[in-house]
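Grab a pencil and let's work through a few exercises on this model. Try each task yourself before you read the solution.

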Amino acid sequence: MVQAGGVIICVGYILGLLFTAIPWGGVWILLLAILGAVVLRRRDLNLRKVRQKSEHGEMKTKLISGIGQNILDPRILLAAGLVGLLATFYFQWRVPVPGAKDISKFVPPGNNNNQEQLVIVRGVVTSAPRLTRSQRGQFWLEATQLDEVKKDDGPVGVSKGVTGKLYVTVPILRATGLYPGQQIAITGVLYKPKAAANPGAFDFQKFLKQEGAFAGLTGRQINILDEEQRKWGWWQIRERIVRSQVRGLGIPEGPLVSAMVLGSKAVDLPYDIRDLFVQAGLAHALAASGFQTSLILGVILQLTRRANKATQLIIGCLGLIIFLSLTGFQPAVLRAVIMGFAALVGLALKRKVKQFGSLVLAATLLLLFNPLWIWDLGFQLSFLATLGLIVTVPPIVQRLGWLPPAIASLIAVPLAATIWTLPLQLFVFGVVPSYSLLLNIISTPFISVLSIGGIISALAALAWPAGGSFVAGFLHYPSDWLINLVGFFSKLPGNSLAVGSISPWQMLALYTIILLVLWVRWWRQRWWFASCIALGLVLIPVWHSANNLFRITVLAAGTEPVLVVQDRGTVTLINSGDEGTGRYTILPFLQQQGINKVDWAIATEFQDRESSGWLDLMQRLPIKSFFTYPPKPENVPETQIIQQEMQKRQGIFQPLTVGQAITAGPVVAQLLNDQFPILQLQIQGQNWLLVGNMKLKEIQQLVQSGGLARPQVLWCVPESLKDLVLALQPQVAIASSAELEPKVLSELSQSQTKLFFTGRDGAIQWTPNTNFEAFIQATESKSSVL
């Protein structure tokens, strides 16, 4: 369906978008194309000379030369290089930037510094509300008007006309009943999204920018401005299907089946189920894409097998368009639907569809529509998995010819998808689901039954919701068995292996090896040798880091000091923050570093909090030794649970006592006071002091009594920073705030202490060979180079 020259030009466009990650990327791809054209031109000249020697040679040369002219013609390569160059300019042109009246330009300066200014934002809801992990409703709003609010909640000044997309979160009850196209007014606090403050953390700023938004709104009150009858939309059809299936299956089975049919982005799937599937390596089962598209086309073609080709084409295209509209135009579904269109056209024209060409064409069309999708992880994984199915499944099935075809295919499909997506997963997450391949093979029959049954149930729900619920009821046992199967594998020892995030060069080397095995016979015959090289590329750097790295990281984790000390493979963790810190800050950092266990953990209870992140950490990582400050009365139950978990895991649990020095790997820790939260650490000859919220009088008393020695590194809360720095004169001081008042900073500038603020600088890291380094500054320096 797609000529070879067209495929090469499409690949040039895709490579041009990928080359935007390096300086002068478009120029490099054009230079590579020119170099390739020169090489091909010289080859053609040599072939012409050889052709004149003999008729046999002439026939052979004509064949080779013809192929070169049709597929690797120098002019086609030059065209592909030029398209790649233009793609980089097109990408930059399409990168979202805030307009002159974008609502992000009107965010009050104090809103990101704990001085909240209430505003009223009017606009149009553009998405159905979703439930966030913090149990709030989230939706997108197209802003049109902005008003500031006085303390007495009265509007002030003239309304400002604004534009721009806004990420809105509100209490879940406030979001109930909202629908796309509705005009509302929200009272809340505007803010600008923050970039990732810790290694491995989620970059909220980057996420919003990819969605074309530059600000968020924490809403408190919603007023409906449009009380008219609801306008029709595809969201109503999705809601009808989901309600019907949930009524027939309950929760979580109902949302699970709906997610398989409509995609997880269109369904509020419980996060515990979503996380379970992601950790087990079955995230693709929750994404409506190629598998569901194939099922829909298969059913339509089977039902219309007696009709003519034109009728099949029309009904097939109509079915794909409806499916695409229901899923909400997700990139993975768009890619699958475009390939489905190509298959239908090939059927109508009675021509065999070239799957690789169709995939490249589908990707090119999607990236012409939105070139920013080239950096969308879902798009990348979907494209690579499909590419693996097209080019890698046939040779794997051939090597498994001694097995029955059905079993060989059952093994080949997940294996091929894993081979092509694993390097990217290692680059982004640094985690390998150990049992993913086996689980994919076992779960494929369940996923097939649930997808087919879910589609039938959805079609029935469109005509009769009760009928859709009745059909969905037959899927109770398969969906329940699938959830239990995934849960069983997720509880197996070593179900998730962190190897650390690999570098871009390691990822490119892995994909180069895959292509060599695919294209070059010598490598294909020695695939086991290529596999050993690939393993070495991943494991040797991990081994080297585990045996040589010493690093201290102070994570940006709110008002509590969270330290991770890595010492040649052993890990000491001091404090865990609250529940969100453990799940969204510490765990991603440990995974990115390739850490699968914590050798020593110290809990100092610096802050009063409802719950800590220790329980989340213990569910995901083993902790060998746990030391805890005598808990406050409100935290006694949680400490008892932690002690029970440690006993269950046969770990060491020990309370800290004042004056007792404990050795936790490279760290010697000692509590200096039982009244104030003060912890002294000796690390690599450095004296670290972690001090909680103390008053000036208390600080002076401890200094005069000799209870506080002069540390090299001080961590403290912002309220005590000035007094402690002036009293102790540390070399480095780290506070948790974003910034201090100018007057305080002016006074501190007279000291010799170097100041860091985790709220502003992100994580702070130190190694014996480098000075203290701020993560955000280091990230910005790397970004400026690229």
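This is a predicted model: local features need pLDDT of at least 70, side-chain atom pairs count only at pLDDT 80 or more; totals for chains, interfaces and linings use all residues.

**Exercise 1.** Which residues of α8 are buried?

*Solution.* Start with the list: E253, G254, P255, L256, V257, S258, A259, M260, V261 and L262 are the buried residues of α8. Buried means under 20% relative accessible area, with a 1.4 Å probe and protein chains only. Helices are DSSP runs (H or I, at least four residues), numbered from the N terminus. Next, ten of the ten residues of helix α8 (residues 253-262) are buried, so α8 is largely enclosed by the rest of the structure.

Residues are numbered from 1 along each chain as its sequence is written, and side-chain values use heavy atoms, leaving out hydrogens and water.

**Exercise 2.** How do α13 and α14 run, roughly parallel or roughly antiparallel to each other?

*Solution.* First, take the angle: the axes of α13 (residues 355-369) and α14 (residues 377-391) cross at roughly 170 degrees and come within 10 Å. Axes are lines fitted to C-alpha atoms over the stretch in contact, with angles from 0 to 180 degrees between N-to-C directions. Then apply the cut-off (over 145 degrees counts as roughly antiparallel). So α13 and α14 are roughly antiparallel.

**Exercise 3.** Which residues have the most contacts inside the largest nonpolar core?

*Solution.* They're L17, L262, L367, W420 and Y511, in a core of 58 residues. Such a core is a set of buried Ala, Val, Leu, Ile, Met, Phe, Trp, Tyr and Cys residues joined through side-chain atoms within 4.5 Å. Another core, of 30 residues, lies apart from it and includes Y629 and V732.

Technical notes: Helices (H or I, at least four residues) and strands (E, at least two) are DSSP runs, numbered from the N terminus. Angles under 35 degrees count as roughly parallel, over 145 as roughly antiparallel, 65 to 115 as roughly perpendicular and the rest as oblique. Buried means under 20% relative accessible area, exposed over 50%, partly exposed in between (1.4 Å probe, protein chains only).
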